[in-house]
Amino acid sequence: MQRITYLGPEGTFSEAAMITLRTTGRIPGSSEVEPVSVASAREALVQVQAGDADYACVPIESSLEGPVVPTLDTLAVGAPLQIFAETVLPVSFTIAVRPGTAAGDVKTVAGFPIAAAQVREWLATNLPDAELVAANSNAAAAEDVKAERADAGVCTEWAAQRLGLHALASGVVDEAHAHTRFVLVGRPGHRRRPPGRTAPRWYWGWETCPVPLPPP
């Protein structure tokens, strides 16, 4: 069984990307997968570098915010890693609250920094007096609301549903057709590719930029 780390907890876009790659047959090797939720994209990659996981599924680029810096910084140092697959997900957010909470009750909003940046205009218009507090991920923002550490959270729809939260607003994003690219990263070396799939695209070494892999 292959261990795949992803930015958790359950209900993040990273988890959704991993599920997409698995259900479309784009994870090389065994079809048996053990998802492992971790606290950051860096930790997801470090576990692969250390040999504690086979792959990591991490965000690498946002259509609104550009490169995901923690992912690129980790790829640039330590043991070399290789990108084996990628997927692009459309992105929009739910502003989740505890049942019975109205917009006027919201004093704090938990948000993963990359997510909060994609709804800043909505927040400025609809919750202008609320203080934004950082969360470790989109799903963690929902957990902060559930635990009453924040009045509202910028999260995924399924994270809100999983925790029994209500949607103050759904489908929120400042720019229509926003999307994020996710990559499946593993240690370099030969792995059986799923039928019909192309060779891995990039190899990351100590350099700060990727270079194309040679043909298989």
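Reader: Which residues does Ala16 touch, not counting those up to four places away in sequence?
Author: Leu89 and Trp158. Contact here means heavy atoms within 4.5 Å. This is a predicted model: local features need pLDDT of at least 70, side-chain atom pairs count only at pLDDT 80 or more, and totals for chains, interfaces and linings use all residues. Residues are numbered from 1 along each chain as its sequence is written, and side-chain values use heavy atoms, with hydrogens and water left out.

Reader: How far apart are Ala16 and Trp158 in sequence and in space?
Author: They are 142 residues apart in sequence. From C-alpha to C-alpha the distance is 9.8 Å.

Reader: What makes Ala16 count as buried?
Author: Buried means under 20% relative accessible area (over 50% is exposed, in between is partly exposed; 1.4 Å probe, protein chains only). Ala16 has 18%, so it counts as buried. It sits in helix α1, residues 13–23.

Reader: How do you know that β5 and β11 pair?
Author: Two strands pair if DSSP finds at least two bridges between them. Eight join β5 to β11 (residues 179–186), and the two run antiparallel. Pro90 has His179 as its bridge partner in β11.

Reader: How much of β5 is buried?
Author: Seven of the ten residues of this strand, residues 81–90, are buried.

Reader: What makes α6 a helix, and why is it called largely enclosed?
Author: Helices are DSSP runs of H or I with at least four residues, strands are runs of E with at least two, and both are numbered from the N terminus. Helix α6 has nine residues, 138–146. Seven of them are buried, so the rest of the structure largely encloses α6. Among the seven are Asn138, Asp144 and Val145.

Reader: What do the buried residues of α6 pack against?
Author: They pack against α1, β6 (93–97), β7 (108–111), α4, β9 (152–155) and α7 (157–162).

Reader: What caps the N-terminal end of α6?
Author: Ser137 does. Its side-chain oxygen lies 3.5 Å from the backbone nitrogen of Ala139. A polar contact is a pair of N or O atoms within 3.5 Å; within protein, one must be able to donate a hydrogen and the other to accept it, and residues adjacent in sequence count only if both atoms are side-chain atoms. Just after α6, Glu148 has a positive phi of about 65°.

Reader: What does the side chain of Thr74 reach, and at what distance?
Author: It reaches the backbone oxygen of Pro70 at 2.9 Å. Thr74 lies in helix α3, residues 69–75. Its relative accessibility is 6%, so Thr74 is buried. Beyond four places in sequence, it touches Arg42, Leu45, Val46 and Gln49.

Reader: What makes Ser62 buried?
Author: Its relative accessible area is 4%, so Ser62 counts as buried. The residue is in strand β3, residues 55–62. Its side chain reaches the backbone nitrogen of Leu64 at 3.1 Å.

Reader: How many cavities of 30 Å³ or more are there, and what makes a cavity?
Author: One. On a 1 Å grid over the protein atoms alone, a cavity is a set of points where a 1.4 Å probe fits but cannot get out; lining residues have an atom within 4 Å of a point. The largest cavity holds about 160 Å³ of space. It has 16 lining residues, and Phe13, Pro59, Phe112, Asn138 and Phe182 are the closest to its centre.

Reader: Which elements each supply at least two residues of that lining?
Author: α1, α4 (113–117) and β11 do.

Conventions. On a 1 Å grid over the protein atoms alone, a cavity is a set of points where a 1.4 Å probe fits but cannot get out, and a pocket is an open set with protein on both sides within 12 Å along at least five of seven lines; lining residues have an atom within 4 Å of a point. Grid points are joined across faces, edges and corners, and a volume is the space filled by probe spheres set on the points.
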